[in-house]
Amino acid sequence: MSVTAAKGFTAAGIAAGIKQNGNPDLALVVNTGPRRAAAGVFTSNRVKAAPVVWSQQVLADGELTAVVLNSGGANACTGPQGFQDTHATAEKVAEVLSAQGTDVGAGEVAVASTGLIGLLLPMDKLLPGVEKAAAELSEHGGEKAAIAIKTTDTVHKTSVVTKDGPAGGWTVGGMAKGAGMLAPGLATMLVVLTTDADVDAEGLDSALRGATRVTFDRVDSDGCMSTNDTVLLLASGASGVTPEQDAFAEAVRAVCDDLARQLIGDAEGASKDIRIEVVNAATEDDAVEVGRSIARNNLLKCAIHGEDPNWGRVLSAIGTTAAAFEPDALNVAINGVWVCRNGSVGEDRDLVDMRYREVTITADLAAGTESAVIWANDLTADYVHENSAYSS
């Protein structure tokens with residue numbers, strides 16, 4: 001049930017007419033309380049969409065009652081009118097929810113948008129869509145909400161973790177969209193996470209940033225950072241249980257990790273999921289830098305698509321970084337076969353079996369004890385076609 005798996009939340013997903021194909025394109029998630037704590041992380045792109053600017057502002061006090069999300073238009077690079085449209089959307093959500101008996105102002109409504117950059121949203125369709133979505137809010141509406149935020153996604157993405165404890169059970173649920181422009185920048189797509197645990201805004205922020213750092217921030221599909229990246233975590237407190245912070249943070253991380261893997265698995269045109277593990281680095285930052293360089297090497301991504309264990313392209317990617325290593329001490333394994341030893345030829349590359357969807361690249365820097373994992377995917381003709389023949 002995605003974002004409605006946790007108690008204290010309702011959701012809806014409808015077709016408002018924003019997309020010309022008539023597919024669902026507007027989602028609404030509402031926190032019915034009793035707590036309305038929230039936290040968020042956003043793109044670090046200096047070009048930020050109006051909804052990102054708005055949501056960063058309304059999250060300043062650590063509280064949210066609702067999130068409204070649309071697909072079919074990013075409302076990015078749309079000038080003052082784009083921000084006015086975002087404000088009007090939040091006002092409309094507050095108006096319809098207040099009419100239903102939920103006391104809420106526009107400053108308690110986050111807004112998120114995804115789609116083509118540089119076009120104003122059709123407000124004559126979006127605002128009536130808010131009314132329609134509010135009328136369909138349900139404790140069982142999480143899946144429809146997840147479907148409504150898809151763009152080039154082929155499947156909707158949801159995840160749930162439930163924990164039991166001496167004081168009772170609690171849940172973290174979430175939904176995500178994203179199949180392109182996936183590159184680290186605090187967040188990598190649109191995500192709404194919910195929990196019925198009784199956690200304050202500070203606890204939410206700590207858990208979310210810790211989880212994002214090792215999940216969404218380590219997904220790198222195509223090296224392109226969106227203007228709209230938004231990850232929100234809302235707490236209703238409806239379970240009445242306040243878990244230990246470490247246990248709560250681990251549950252949030254597990255949901256984020258699951259969603260991040262689903263994003264890579266649905267990346268535009270991809271035929272391979274690539275797990276890049278950098279080991280024995282001097283620092284974690286070195287490991288991440290090296291992993292990210294490998295993930296963004298287009299020659300390597302093409303080789304992986306062709307099931308060619310071209311370890312030379314891994315070494316060339318490592319060599320572009322500032323990480324600590326000695327070239328003649330580097331080791332590389334592809335699917336467990338150490339094809340490069342001490343910066344030179346290792347085991348027979350014909351031993352590498354690359355028939356399956358997941359490919360693992362292990363880069364041993366032989367410079368320390370730190371490690372990191374980056375997820376990427378191959379570069380295919382389908383990716384080029386999708387991003388040249390279709391505006392998303």
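**Notebook: sheets and helices of a predicted model**

I began in strand 9, where I found that Leu-233 is the bridge partner of Leu-193. Strand 8 (residues 190-195) and strand 9 (residues 230-235) run parallel and are joined by six bridges; I count two strands as paired if DSSP finds at least two bridges between them. Helices (H or I, at least four residues) and strands (E, at least two) are DSSP runs, numbered from the N terminus.

Before going on I noted that this is a predicted model, in which local features need pLDDT of at least 70 and side-chain atom pairs count only at pLDDT 80 or more, whereas totals for chains, interfaces and linings use all residues. Residues are numbered from 1 along each chain as its sequence is written, and side-chain values use heavy atoms, with hydrogens and water left out.

I traced an open sheet of five strands with mixed pairing, in the order 3-9-8-7-6. Strand 3 (37-42) and strand 6 (157-163) stand at its edges, and each has a single partner strand, so one side of each is left without a neighbour in the sheet. From one strand to the next I noted an average twist of 10°; axes here are lines fitted to C-alpha atoms, for helices over the stretch in contact, and angles run from 0 to 180 degrees between N-to-C directions. Helix 5 packs on this sheet, where it touches strand 3, strand 8 and strand 9, and its direction makes about 30° with that of strand 3; contact means heavy atoms within 4.5 Å.

**Helix 5 against helix 6**

I then followed helix 5 (residues 201-214) to helix 6 (residues 245-265), and found that their axes come within 9 Å and cross at roughly 45°. The two helices are therefore oblique to each other, since angles under 35 degrees count as roughly parallel, over 145 as roughly antiparallel, 65 to 115 as roughly perpendicular and the rest as oblique. Sorted by class, the contact has nine nonpolar, three polar and one charged residues; Ala, Val, Leu, Ile, Met, Phe, Trp, Tyr, Cys and Pro count as nonpolar, Asp, Glu, Lys and Arg as charged, and the others, Gly among them, as polar.

Strand 1 pairs with strand 2 (residues 26-31) in the antiparallel sense over six bridges, and Gly-13 stands opposite Ala-27 in strand 2.

**Loops and the whole chain**

I looked up Pro-34 in the loop between strand 2 and strand 3, and recorded that a cis peptide bond joins Gly-33 to Pro-34, with omega about 20°. In the loop between helix 8 (298-305) and helix 9 (311-318) I came to Glu-307, whose phi is near 55°, a positive value in a residue other than glycine.

Lastly, I counted 10 helices and 15 strands in the protein chain.
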